[in-house]
Each structure stands twice: as C-alpha cells, then as structure tokens.
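Please keep the structure open as you read.

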Amino acid sequence: MIGHVTKMNESERTHFETRIRERLAELQQMSASGQQAQAVVELDQQAVGRLSRMDALQNQAMAKAQQANRDMETRRLLAALERLDDGEFGYCEDCGERIPDGRLNLDLAASKCVSCASG
C-alpha cells in the first residue's frame, strides 16, 4: 500500500501518538464532567417551573449531543491508534499517499488525503 512513499520516522510517530493519547484523555475528562448534565430531568412542578423544565430538557439534549460527538471522536482516535500500531497511520486509506503533517495536526484521526476525502 505504501510502496514509494516515505515512511513516518519514529519522532513523528511518537509526536502523533502523544497528541492522540492527550486528546483521548481530554475527551474522557469532558465526558466525566458532562455526566450530570445528561441526567434525567425530574418533573417537580413545585421546584422547577414549566419554562425552567424546558430549559433543563434543552440543556440535557445538548449535553447528550455533545457526548455523542465526543464518542465519535473517541472511536476515530482509537482507530488512528490502531493504524499507528499497524504502521498505516498518516497514509491515505484510499490511494496510499502520505497525508501531510499539517492535515494530521488539524485532524489527528484523518485517514484520507485531501484529494480522496473531497472526491
């Protein structure tokens, strides 16, 4: 798959592995702190008025959507770690060309070069 493309050196590999693991830790911390916001909104008309309850439900829905985004990013980053272990990280899964470091620094989980991703 990689053939004529220059392989990623060990310092590049270490750099990206460190960044991926740091981002995974950040996501885990954000998920832990967001658990309370996703909790069931209790129906207590005495403590919370109708509008306050609607706000609470809206906040809960936003917290759940944010968690879904964090879960998706976590899955993509874990897949990137697998590609790193397999020696395939940083190479387009479609054409096999090296993905520029600039793209990888913007999206650590990028698995396609710009040409293949936009095509």
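Lysine 112 and aspartate 94 join their side chains in a salt bridge, with N to O at 3.4 Å; the term stands for a side-chain nitrogen of Lys or Arg within 4 Å of a carboxyl oxygen of Asp or Glu. This pair links distant parts of the chain, 18 residues apart: lysine 112 sits in the loop between α3 and α4, and aspartate 94 in the loop between α2 and α3. Helices here are DSSP runs (H or I, at least four residues), numbered from the N terminus. Lysine 112 is partly exposed at 27% relative accessibility, and aspartate 94 is also partly exposed, with a relative accessible area of 48%. For these labels, buried means under 20% relative accessible area, exposed over 50%, and partly exposed in between (1.4 Å probe, protein chains only).

Before going further, a word on the source: this is a predicted model, in which local features need pLDDT of at least 70 and side-chain atom pairs count only at pLDDT 80 or more, while totals for chains, interfaces and linings use all residues. Residues are numbered from 1 along each chain as its sequence is written, and side-chain values use heavy atoms, leaving out hydrogens and water.

How confident is the prediction? The predictor's confidence in each residue, pLDDT, runs from 0 to 100; the chain has a mean of 85, and 82% of its residues reach 70 or more. Confidence is lowest in α2, at a mean of 89, and highest in helix α3 (residues 101–106), at 94.

**Charged pairs**

How many salt bridges does a search of the whole structure find? The total is 9. Three of them are set out here.

| glutamate 73 | arginine 23 | 2.8 Å |

Glutamate 73 is partly exposed at a relative accessible area of 25%, and arginine 23 is partly exposed at 23%.

Buried residues in α1 include Phe16, Ile20, Leu24 and Leu27. Helix α2 (residues 50–86) holds asparagine 69, which is exposed at 53%. The C-alpha atoms of asparagine 69 and leucine 27 are separated by 9.9 Å, although the two are 42 residues apart along the chain.

**Cysteines**

How many disulfides does the structure hold? There are 0 disulfides, a disulfide being a pair of cysteine sulfur atoms within 2.5 Å. Cysteine 95 is in none, and its nearest cysteine sulfur, that of cysteine 92, is 3.7 Å away. The sulfur of cysteine 116 is 3.6 Å from that of cysteine 92, its closest, which is too far for a bond. Cysteine 95 is partly exposed at 38% relative accessibility, and cysteine 116 is partly exposed at 22%.

Key. Helix = DSSP H or I, 4+ residues; strand = E, 2+ residues; numbered from the N terminus.
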